[in-house]
Amino acid sequence: MSVFIQQFINFLQLGSIYALTAISFSMVYGIAGLVNFAHGSIFTVSMYMLFFFSTYLFTVFDSSWLVFAVALVLGSVVMALVGMLIERLAYRPLRSAPAVATVVSSVGVGMALEYLMLNLFGSKAKRMPALIPNTSITMAGVVVPLYKILIIIFAVITMIILSFIVKKTKLGTAMRAVAQDKKAAGFMGINTNRVITSAFVFGAVLATIAAILYVSAYSIFTYDVGDSINWWSFIAAVIGGIGSIEGAVLGGFIIGAISIVAPALLPVSSYKDIVLFAVLILVLMVKPTGILGKNSAEKI
């Protein structure tokens, strides 16, 4: 029973991180209509920003909670600016270009950011300072590290806040209108450029939040840390229904469940990748739009 509880908490922890990164993918796709393959590199850049901010802040503050909060705010601001810059320089000029052009552009931006980190900071792994106190709590007789519980709680709160913004605010209404029909939204007076830029900002901030949660659990990282995050988050978004926030959350937890359960049942832990791709193929065969994805009528 104790093993089951421990693995269930591990599933919630990993699924929460994948859900946040998958939401970022889905938001940009749903609103801007493009797949942002630079997302993993944005995640990597945010890891380095958080590393340098937190390292410096520990020379100023004694409280790890204060360092966590300030580093997150500073990192989110910087990455929001990076997201705006990427949208303005790499995507906006190609908005009316064929879809393959934006895909190539996003891959190019991702590679440029990744190798920029490599050349600036080297390939040597870095260790993030401990941002959450190294304490544990007991649940049903199982000792659980505090960081695991906080990752789950923080991720859930973030998802709730994001859902409120999308469904209950003017910006959220504009986002949903642009996602449904950009041209009609523009005719109704909505500034579509600003809304699309907002999607990239939200995506970058979500990547920063996911990064600080990820590094709270896995403190060592390198310049290519975003590669696996990029692909598993994309697969999670596709499985759940890319363009759907609820689908992204579902897909993230499906990926998290497979990542925890498969290594425990299969003779080789790396077989989990085969299982993940098999699930992706199966879902697309049964429902090409993803589990919660919706068919969109083509306008002629």
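Lys167 is partly exposed, with a relative accessible area of 44%. Partly exposed sits between two cut-offs: buried is under 20% relative accessible area and exposed is over 50%, with a 1.4 Å probe and protein chains only. Before I go on: this is a predicted model, where local features need pLDDT of at least 70, side-chain atom pairs count only at pLDDT 80 or more, and totals for chains, interfaces and linings use all residues. Residues are numbered from 1 along each chain as its sequence is written, and side-chain values use heavy atoms, with hydrogens and water left out.

Back to Lys167. What does its side chain meet in a salt bridge? The partner is Glu246, at 3.5 Å, N to O. The pair links distant parts of the chain, 79 residues apart: Glu246 is in helix H10 (residues 245-265), Lys167 in helix H5. Glu246 is also partly exposed, at 43% relative accessible area. By salt bridge I mean a side-chain nitrogen of Lys or Arg within 4 Å of a carboxyl oxygen of Asp or Glu. Helices here are DSSP runs of H or I, at least four residues, numbered from the N terminus.

How many salt bridges does a search of the whole structure find? It finds 3. Take Arg92 and Glu87. Their closest N and O atoms are 3.2 Å apart. Arg92 is partly exposed, at 23% relative accessibility. Glu87 is buried, at 1%. Then there is Asp273 with Lys272, where the closest N and O atoms are 3.2 Å apart. Asp273 counts as partly exposed because its relative accessibility is 28%.

Next, helix H5 again. Ile151 is in this helix, which spans residues 146-168. Is Ile151 buried or exposed? Buried, with a relative accessible area of 0%. Ile151 and Ile212 are 61 residues apart in sequence, yet 9.1 Å apart in space, C-alpha to C-alpha.

Now helix H3, residues 64-91. Val67 is found in H3. Val67 is buried, at 0% relative accessible area. From Val67 to Tyr56 is 11 residues in sequence and 9.2 Å in space, C-alpha to C-alpha.

Leu81 is exposed, with 55% relative accessible area.

Last topic: helix packing. The axes of H1 (residues 2-32) and H8 (residues 192-217) come within 9 Å and cross at roughly 170°. Axes are lines fitted to C-alpha atoms, for helices over the stretch in contact, with angles from 0 to 180 degrees between N-to-C directions. H1 and H8 are therefore roughly antiparallel. That label needs an angle over 145 degrees. The crossing is left-handed: the near helix is turned anticlockwise from the far one by less than a right angle.

Methods:
Helices (H or I, at least four residues) and strands (E, at least two) are DSSP runs, numbered from the N terminus. Angles under 35 degrees count as roughly parallel, over 145 as roughly antiparallel, 65 to 115 as roughly perpendicular and the rest as oblique.
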